Amino acid sequence: MADWWDADGRRHRKQFSSAPAAREHEHRETALAHAERASRELKLAARTGGGKRSQPKPETGTVEPAKGKLGVMIPGMGAVATTFVAGVEAIRKGLAKPIGSLTQMGTVRLGKRTDGRSPKVKEFVPLAGLDDLVFTGWDIFEDNMYDAASHAGVLDQRLLDQLKPFLSSVTPRSAVFDHNYVKKIDGPNVKKGKSKMDLAEQLRDDIREFKKSSGASRLITMWCGSTESYIEPTEAHQSLKAFEKALRENDEMIAPSMIYAYASLMEGVPFANGAPNLTVDLPVMLLLSRKNEAPVCGKDFKTGQTLMKTVLAPAFKARLLGLSGWYSTNILGNRDGEVLDDPGSFKTKEESKLGVLEHILQPGLYPELYGNMFHKVRINYYPPRGDNKEGWDNIDIFGWLGYPMQIKVDFLCRDSILAAPIVLDLVLFLDLAQRCSELKGLGIQEWLSFYFKSPMTVPGLYPEHDLFIQLMKLKNTLRHLKGEELITHLGLEYYD
Ligand SMILES: NC(=O)c1ccc[n+]([C@@H]2O[C@H](COP(=O)([O-])OP(=O)(O)OC[C@H]3O[C@@H](n4cnc5c(N)ncnc54)[C@H](O)[C@@H]3O)[C@@H](O)[C@H]2O)c1
């Protein structure tokens with residue numbers, strides 16, 4: 001038995017005298033259905049570009065090619081910095097793969113889903129190659145990168161030994177440091193100067209010297225130094241005049257990281273902030289960044305627990321599940337953990353970690369779901385674990401009719417293993433920004449929010465924390481720069 005339609009479109013059940021006749025009819029119907037489907041697909045292809053790929057528009061602005069060496073300057077040659085630099089060298093030598101790096105392994109879809117175009121990010125936009133990276137750093141300790149990496153204990157000693165000649169050649173410049181801002185550590189390799197302005201001048205000399213001696217055509221500064229004590233912006237941070245006066249007068253509200261940021265931006269060098277310190281998140285730095293076309297981004301690398309938070313919280317909001325509490329605690333035993341054991345440094349980190357849920361869940365818009373949530377974050381210094389942090393989350397949610405449920409997350413992660421690819425991507429993307437006519441004068445590079453716990457935005461604009469919105473923003477920025485269609489995921493044209 002099979003169906004048939006009369007000339008007026010009415011459907012009838014067709015009767016067959018024998019099974020073979022019914023089967024033959026089925027075959028004919030199936031062939032007809034295939035032909036109709038093929039014809040529909042041809043029509044769809046015609047509507048979405050005549051069967052051809054969608055055509056890119058002209059590129060937006062200009063992007064200078066990545067010619068010559070890119071100098072990476074790192075204040076803070078600790079666990080993250082050494083894992084990053086050793087990793088780059090291991091990848092260059094073919095000893096390992098750049099897992100976790102969007103610039104090295106990621107792709108970007110272009111045009112329609114039917115176009116089949118998904119080049120690698122690094123082939124789509126002109127990024128510096130890993131072979132072009134050269135490094136320097138500053139630290140309060142005198143250890144070169146090999147010794148510092150061995151001390152950090154993140155990477156296998158056998159791997160470090162294979163990279164020893166290269167890592168030993170990266171030695172720290174003397175640091176601008178103030179013990180009052182990082183109470184748990186102290187070291188001998190520290191600059192002396194009459195004033196904070198004098199120290200800034202010494203850093204500017206370092207930057208010029210490195211550019212000359214390394215032969216780099218472009219530079220980037222990447223703060224991987226310790227988390228400084230919590231402070232809030234004051235008058236001294238509002239304008240260049242006020243800031244420079246404060247530098248000359250040794251104002252205690254100017255933290256060492258700000259002196260590095262000032263020196264970099266004055267030299268026209270982009271600055272990324274991997275810690276939760278204010279550093280470049282200040283009116284004076286934004287002014288300088290725009291004026292000198294030295295892009296900035298920050299703050300606080302989004303690596304373990306907060307990465308998970310910015311994946312799970314959007315899921316709860318998407319399904320309108322309520323949240324009554326989120327308790328997060330960590331144990332870690334590296335130097336970062338020791339520094340964060342100080343209440344001043346912990347407060348800076350806590351502020352950076354706490355903002356995430358408020359911004360994603362928007363309790364103002366959804367008071368019944370998120371108006372009463374309790375959010376707590378703890379970090380406990382526990383030496384036996386070293387860099388291998390364990391982060392626990394207990395999440396109390398509620399669903400239909402208010403019935404409560406719980407989710408537990410236990411993330412046994414490796415802090416610096418998660419941070420290193422972020423550092424690499426930020427180096428390469430910030431360098432792209434400084435070569436791009438449309439991005440270099442913007443100051444804050446919000447499209448790099450994807451990498452940060454507490455993304456910087458222009459004053460008055462709330463940050464996007466949802467990891468997938470951040471990823472879409474990043475990839476759409478790349479498409480926009482290259483004159484490709486932005487991807488909205490609307491997709492109605494496939495069904496029209
Ligand atoms: N590893 C992660 O997953 C992660 C995630 C987010 C943020 N961070 C932040 O990144 C930073 C680095 O983390 P880490 O694990 O490498 O810490 P670390 O303690 O191993 O390294 C920090 C280094 O900075 C140096 N330092 C401190 N003040 C300095 C100054 N003024 N000038 C020059 N050097 C200075 C210290 O001596 C130390 O060697 C920390 O602020 C940390 O909070 C790390």
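1. Let's start with lysine 112: at a relative accessible area of 14%, lysine 112 is buried. Bear in mind that this is a predicted model. The partner of lysine 112 is glutamate 493, and their salt bridge has its closest N and O atoms 3.1 Å apart. This pair ties together distant parts of the chain, 381 residues apart: lysine 112 sits in the loop between helix 3 (102-105) and helix 4 (121-124), while glutamate 493 lies in the segment after helix 17 (467-481). Glutamate 493 has a relative accessible area of 26%, so glutamate 493 counts as partly exposed.

2. Next up is aspartate 415, which makes a salt bridge to lysine 389 with the closest N and O atoms 3.3 Å apart. Here too, distant parts of the chain are linked, 26 residues apart: aspartate 415 belongs to helix 16 (residues 415-434), and lysine 389 to the loop between strand 10 (374-381) and strand 11 (390-398). Aspartate 415 is buried, since its relative accessibility is 10%. Lysine 389 is buried as well, at 10%.

3. Then have a look at aspartate 431 and arginine 435, another salt bridge, with 3.2 Å between the closest N and O atoms. Aspartate 431 has a relative accessible area of 0%, so aspartate 431 is buried. Arginine 435 also counts as buried, with a relative accessibility of 4%.

4. What links Arg204, Asp205, Arg208 and Glu267? These four residues are joined in a network of salt bridges.

5. As for the overall tally, searching the whole structure turns up 19 salt bridges. Among them is the pair of glutamate 493 and lysine 112 from point one.

Notes. Residues numbered from 1 in each chain as written. Predicted model: local features only at pLDDT ≥ 70, side-chain atom pairs only at ≥ 80, totals over all residues. Heavy atoms only, no water. Salt bridge = Lys/Arg side-chain N within 4 Å of Asp/Glu carboxyl O. Helix = DSSP H or I, 4+ residues; strand = E, 2+ residues; numbered from the N terminus. Buried < 20%, exposed > 50% of the residue type's maximum accessible area, 1.4 Å probe, protein only.
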